[in-house]
Every structure is written in C-alpha cells, then in structure tokens.
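Please look through the model below, and then read the notes on one of its interfaces, on an annotated domain and on aromatic pairs.

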There are 4 protein chains.
Amino acid sequence: MTLFDDLTRAIGSQWTDYTEHEFVRRLGEGALPLPAFQDYLVQDYLFLIQFARANALAAFKSTSLADLEQAAAGLSAILHETGLHRRLTAGWGIAPEQLDAAREKQGTVAYTRFVLDCGMSGDLLDLQVALAPCTMGYAEIGRALAPALEADPRHPYRDWIAEYADEGFQATARAAIRRLDELGADGIGPRRFARLAEIFGAASRLEADFWQQALNAAAPSAPADPSQKETA
Amino acid sequence: MTLFDDLTRAIGSQWTDYTEHEFVRRLGEGALPLPAFQDYLVQDYLFLIQFARANALAAFKSTSLADLEQAAAGLSAILHETGLHRRLTAGWGIAPEQLDAAREKQGTVAYTRFVLDCGMSGDLLDLQVALAPCTMGYAEIGRALAPALEADPRHPYRDWIAEYADEGFQATARAAIRRLDELGADGIGPRRFARLAEIFGAASRLEADFWQQALNAAAPSAPADPSQKETA
Amino acid sequence: MTLFDDLTRAIGSQWTDYTEHEFVRRLGEGALPLPAFQDYLVQDYLFLIQFARANALAAFKSTSLADLEQAAAGLSAILHETGLHRRLTAGWGIAPEQLDAAREKQGTVAYTRFVLDCGMSGDLLDLQVALAPCTMGYAEIGRALAPALEADPRHPYRDWIAEYADEGFQATARAAIRRLDELGADGIGPRRFARLAEIFGAASRLEADFWQQALNAAAPSAPADPSQKETA
Amino acid sequence: MTLFDDLTRAIGSQWTDYTEHEFVRRLGEGALPLPAFQDYLVQDYLFLIQFARANALAAFKSTSLADLEQAAAGLSAILHETGLHRRLTAGWGIAPEQLDAAREKQGTVAYTRFVLDCGMSGDLLDLQVALAPCTMGYAEIGRALAPALEADPRHPYRDWIAEYADEGFQATARAAIRRLDELGADGIGPRRFARLAEIFGAASRLEADFWQQALNAAAPSAPADPSQKETA
C-alpha cells in the first residue's frame, strides 16, 4: 500500500467523481462536443503555467540537491509540455492568439492557487499531495481510455488519450507515487494524514470542477452560470 | 485622483458589477432570501480566515517597522472581526458547529487563494491592490445601503449594513485608499499600472462571483450548479 | 521529556556554548563593557524587527484560526517589545536616531534570514524550532542570572536581566515549549527529528555568534575582524 | 547607462571592495594560499545550492511564461554548475565526501538567506538585484584576471579564471544586465531606486565578506575568529 493508495481510499468517491467524470466518459466515447474540449484545452494551458510555478516552488522548498534536481526536472518537463500544448491546440482549431488572450476562469483560479497556497503554507509533502491528483489522475484516465483507441482507429481525441496513456507519462506518474512514499518515509501520524487527505480531497474536487467547467462552457443552456465567468 | 480612483476607472463596469450586484441590491431592499444571506455569512467567515493570513503576509513582506505595525494592526482587526462574525451568525440562525464544519466553496477558494498568490508573486502594493476591492467595496456598499435603514426601522439586514456604513469601517477604507497612494508614491509606470489594474479587475470579478455563489445556493432551481459544490 | 528537551540534548554543547557564552557570563557578573552591551542592544533591535516578520510568517502559514490567533499575539508582543527597546536603549546612552541609522551586521543578517528561510522552506514546526533558541534560551539565561540581582542591588544590567527573569517572559517560554509538543504531537520520525535538530543546532550557533559579535565590537584589538563589518 | 551602472555608481567603493578584494588580487597573482581557495570552493558549492533555490524562487514569482522560462533556464544552469563544481573540487584536492559533509559558515548563511529573503519580501526586480553582484561581479573579475593567464601559462588558478573570463559566462552576465533594465523598464522612482541600491550594496558587502571568510580560514593567526565558526 502506497501513501497514494491510502489517500485515494480516504477520499472515497471524490476520487472517481474526478477520474470517471462525465467529461472523461464522453471524451473516451468520442462523444464530447468539440467546444467543450477546446474550452478545456485553453484553460489547461493556463493551468500548466501555474503548475510550472508550483514545481518551481517545490524546487525553492528543497533542502537537498537531489530534491532540487528532481523539482527542476519537473519544472522543465511542464514548460516543455506548454510548448506541445501550443502546437496541439492549433490542430484543434485554437489560434495561438486565442491562447494568449485567454483569461483564467474561476475553476482554473481556484485549483491552481489552492495548490500554490498548499505549498506556501505547508511543506514539500503537502505541496506534492496537492499536485498528485493531476499527475496520477491523468495517468489513470489515460490507461482507462486507451482501449477506446484500439476500438476506433479514427477516434477524435486520439492524440490527447495517447499522450496520457503513453509509457512516458505512466512512468512519470509511477515516479510521483514513489516520491510521495519517500517524502512520507519517516512516518505519517493520524493528524498529518487527515490534513494530507483533506488537501488530496480538495484537489480532486477541484479537478472534477475543472472538467465540469468545460462541459458548462459548451452547454447550450448555461447562460447564467457564474462559474463560467472569466475571473482572473 | 487617487490610485484607487484610477483603478476603479480602469476596470469600468467590473467595479459596479460587484458593488451593485443583485445580491447587494436585494440585501438593501430587505428582499434577499435568508438562506442566501446565511450561505454568504458562512463563506464570508471562511474568507476572513484567509484574509487574516493575507494581512499576516503583508506584515511578513514589510521592510520597515511602520509597515509591519500597520499590517499587524490589520491582522488583529480581522481576527477581531471573526469573533464578531461568530456571534452574529448565531443571531442569524447559524450554529457555531455549522460554522466550524463548513467547507470552502469554489468561489471562496478562488478569491482567497488568488489574493494570497498576488502577495507571494508580487510585492506589497500588488497584495494591497488585491485586497482593495474587499475593503473599499464594502465601504461603498455600506454608504449606498445606509439610507435604506432610515427608511425601514425594522430592516432585516440592519446589523450587517450598519457595520459597513459605520464611521469606523469608513475610516478604515479611507486609510486603505491613502495607503495605496503611499505605496505607489514613487510613480507607477504604464506596465505596472496595467498589472495592478489586472489584479484589481480580477479581484472585483471574484467578489461579484462571491455574491453570485450565495444567490445560487438559495436558488430553488440550482441543483446541478457545479460552482456550488464545496471544494476545499 | 519535551521535544525541546530532546533537541537540547541532541545538540550537546552547542546549547551551552550559547546560553553560557562569555557575553552572558560577564553580563551576569556586571563586568561586561558597556560598549559591547550597547552594540548588542542596537543589533538586537534590528533582530526584533525580523523576528516580528518571522511571527507574521507563522501566522501566514497557519491553517486554523487558533494557530493564527497565537501567531498574531506573538507578532503583537514582539512589536510591543521593540517599543520597550526604543525606550530602554535611550537609558543606556543610545539615541533613537542611532537606532534608526544602524545597519545590520553579518551575524544579525545570518541569524534572522536563516530563521525566515526555515519558515519558507519548511512548515510551521520547522519555523518554531528555528525560533526556539531565542525564546527558550533567553528564559534560561534570565533564570540563571536572576540570583546576581539579589547579590548586587546596583547591578548595572538589572533591567535587562529582570525582563527575562520575569514571570511574564518565563510563562511565554513555557508556552512555547508546550507549543512545540503540540505541533509535533503526531509523532516525529528519525529523519524529521534529525532535520529539526539541524535547524535547532544552527540557530543556537547563530545565537552564540550574535553574542560574540557584540564582544568583538567592543574588543580593543579587533580592528580587522570581518565579522564586524556591517553587512546589510 | 544601464540600471546596473546606476547601482554600481550608487554604492561607490562598496563595489570595488568586493571586485578588487585582496582574495581576488592574490588569486590573480597566483599567490593565494591553496587552503584559502579550497575553503572558498567548498563554501561556494554550498552557496550554489542556495542560488539554485533563488532562481527557483524567481521562476515561482514569474507572471508570464517568458519570465518562467528564463528563470527555469537559470535554475538548470546553476544545477549544471554544481556538477562541474563537484568534479573541479576533486582536482583541487577536495574529496566529494568532504563537500557533502561541509557545513555553511556564517558568511555563507548571511549572503544566501539575505538574497532569498529579498525575493520573498520584494518582487522579481528586488530578487534579481540581490543576485546581480554575484553574476556581474564574477564576470568583471574574470575579465580583469584574464590577462594574468596569458602572462603565466602555468597559472595555478587557470581553470577558475578561465571559467569566468569565458565568453559563455560573459554573455550570461550581459544578459543579466539587460534583464535588470527590462524589469525596470517601467521607470524607477527615487524611493524604489534607494531600496534597490540598499539591496545591491548589502549583497556586494556580503560578497566581500565571503572572500574575507576564505582568507581568514587560511590565516595562521585566526584561531578565535568567530566569523569562521561553522554556523548552519
């Protein structure tokens, strides 16, 4: 049992509310409306910029050279991913100017700044636990949706699914799981675990809200939904 | 013209979208449903805890004893306000246990962590500008709604309106306006102003979302609104 | 056994190198040259400003209202102490202008910024452990030197010794000891303890250096000592 | 006139006290005792770890992707430099275990934590100004000492001098000078300039103390120098 397993178990259905969200299900079926996916991609790009900052924060909080190097590698990987993102979005009909002019929506602000604040108010383990739903969740989703690619050679979201199903991303996620165990190797008492589970649960809910935010953006009948107002 | 005036002008209707929001208007008319107000109060209590942290951050970022003392006084004032809040909410039918068990909603997380991050990534002026919509906006709302108290001696939201219309709070807001000018006394170039206006606009939108979040909570037809999911 | 006891034991003679430093011994005997004491007082004033910031940081890092209130009280207490300091130094022949114009020496910079960085890179317990040598050490020194006041009714450093021997300060130190145990109540594994002992040891050495810095300032034969150059 | 020129002028002889320090002069003459150089190298290694953290902090404080990428590149470059350092020190008679077991001295703690705190309490420009004496100073020293290598083909400190005289490092320093001007492009008022000059002066004095610390370590008659006590 890894710490990640313990945390997933501790938050119960909040984990699957995120990893099996309607957005994910419809994406796997190839039935997700393109506008929802485009809205998600734009917000995810803005999200990555803040996640790069979160990895920089992890580097800053490191007390050993090994920790520093690991966090710096994470930072470089995310910055590389934003480049990929810029190219991919073009293929999905989003012009680079659109990406640059986009504004963070409330769900994007809430999730990203929550993670950054966990890192500021807590220690490195608090920060990595706040980052975990993103890495581990996407890896799980990639594995779950991969069979859909075999079934449908012309799957509309092939590139996205393939990226997270890929062994490279899977290895990153496994390394992140081991990393949590290393950071917690000293023993995690009940109060600490409760705090970590609180962070992990909140981050998972914020991930689910992030999917929902994209669904709402494409919903024909969502004119007055305040969560869709661009907020920052 | 104060910096605050310049910022308010720069963000245009985003300021009045917040200060003249439907929640505010109905509160002034005494027509706001109690559940919306109760939902607001609970979230506002959670909000104050994070705002106390933002003032602590301002103290930490101070480089002079005078700045430190001012920020420490702000911190004490907010902590005092949370005590008041605990007592007031009881009068509005919210048990202390309910307050303690409450979870931050997405709009609360987004606004509070955004402000904290402005303080972490920028300097003291960035932080104070992020805090400004709260202080100055509430003072403006207090002044705007005060006449309603004279018109209706049994106004249901008298205590709340009176608190922000009160000369004590008004003086605090005026001091905060002067403070922005002190912090910017050295001259604010166009790039810096654009960044400050961006922060001020985002914080104002997040305030408006905060009102909307409470309206949604009490709306009979808002079962599936994701912005109402408790997120952190 | 408190965590504080464990930490004191873990760092061995580094604790007494600080609490029984020559500066302390001569201060107790009333034999400390006034210039050394004056130099110390000026640097200690600059030190307190940074320690106020460290308490503000503790407030910022708090995740509960109770933690916030405790840290805010600590911040207020230190700011109050700086006022006392300003008045006391006048009595010891240091003009207020001298205090305001003073520059931090290297030992002052090293100690204060080390503590602040422990708080930024670690969590609340790391920060409180970095602050502990100051609070607990001064209380211990106050108790150790108190008998000297009875022996000598005209002790030249009576006011200083009396302040730290006073029950008020002793109670603060006892509360700080209990606080460390609360923060560590969840269990402290060997790796974490090693890290805390490293912080505690470094802070104790930096305290000893702080005494030595003042002795050197008053030493007739210390013209070229680089540690006495004012550095920040 | 660049901002860097203005800052150098503003701090007067504090700049040359650093760049033309006795350590530098004797290093250029090939007359620096090896123990002084070895002591410097070990502390410089510890210094680089904290400077990597300072660059991570710059990345965290970035608000644009371009700033983030620049800071991340700086972080990678420093981490790369620590690897070089580990290999170079072996050639100068310092075993890797010695490097790993080394403890930061007071001058190392003071300088590094001062820079980190400038970054935490201020904004990105404050942080970059605190980092400037290191980058620009070493480039200036490299240029000043380069002729010594031509005069003496068997110069004992050839590798060190060559590294900083190298066009690669010189280009980095020129880019850092331009970077300061970009960050200040919006205009720097007198109060802000005074604050930046204060930071720049303090960092330069801390650099000079860093050289002196190494000289003292090798001085036969410096047994009781408290600045040589290992502090953190």
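In chain B, 17 residues are in contact (heavy atoms within 4.5 Å) with 18 residues of chain D. This is a predicted model, in which local features need pLDDT of at least 70 and side-chain atom pairs count only at pLDDT 80 or more, while totals for chains, interfaces and linings use all residues. Residues are numbered from 1 along each chain as its sequence is written, and side-chain values use heavy atoms, with hydrogens and water left out.

**Interface of chain B and chain D**
- The buried area, meaning the accessible area (1.4 Å probe) that the two parts lose on being put together, summed over both, is about 1,400 Å², and carbon and sulfur atoms give 45% of that area.
- On the side of chain B that touches chain D, α7 (106-121), α10 (167-183) and α11 (190-218) each supply at least two residues, and α11(B) gives the most, with four residues.

**Annotated domain**
- An unreviewed UniProt entry places the feature "domain: Thiaminase-2/PQQC" at residues 14-216 of chain A, and annotations of this kind may be inferred rather than shown by experiment.
- Over residues 14-216, chain A is 84% helix (DSSP runs of H or I, at least four residues) and 0% strand (runs of E, at least two).

**Aromatic pairs**
- Over all chains the count comes to 90 aromatic pairs, for which ring centres must lie within 6.5 Å.
- B:Phe4 and B:Trp15 form an edge-to-face pair (planes over 60 degrees apart, where under 30 is stacked and the rest tilted), with 5.6 Å centre to centre and 80° between the planes.

Conventions:
Chains lettered and ligands numbered in written order. Phe/Tyr/Trp six-rings, centres within 6.5 Å; stacked < 30°, edge-to-face > 60°.
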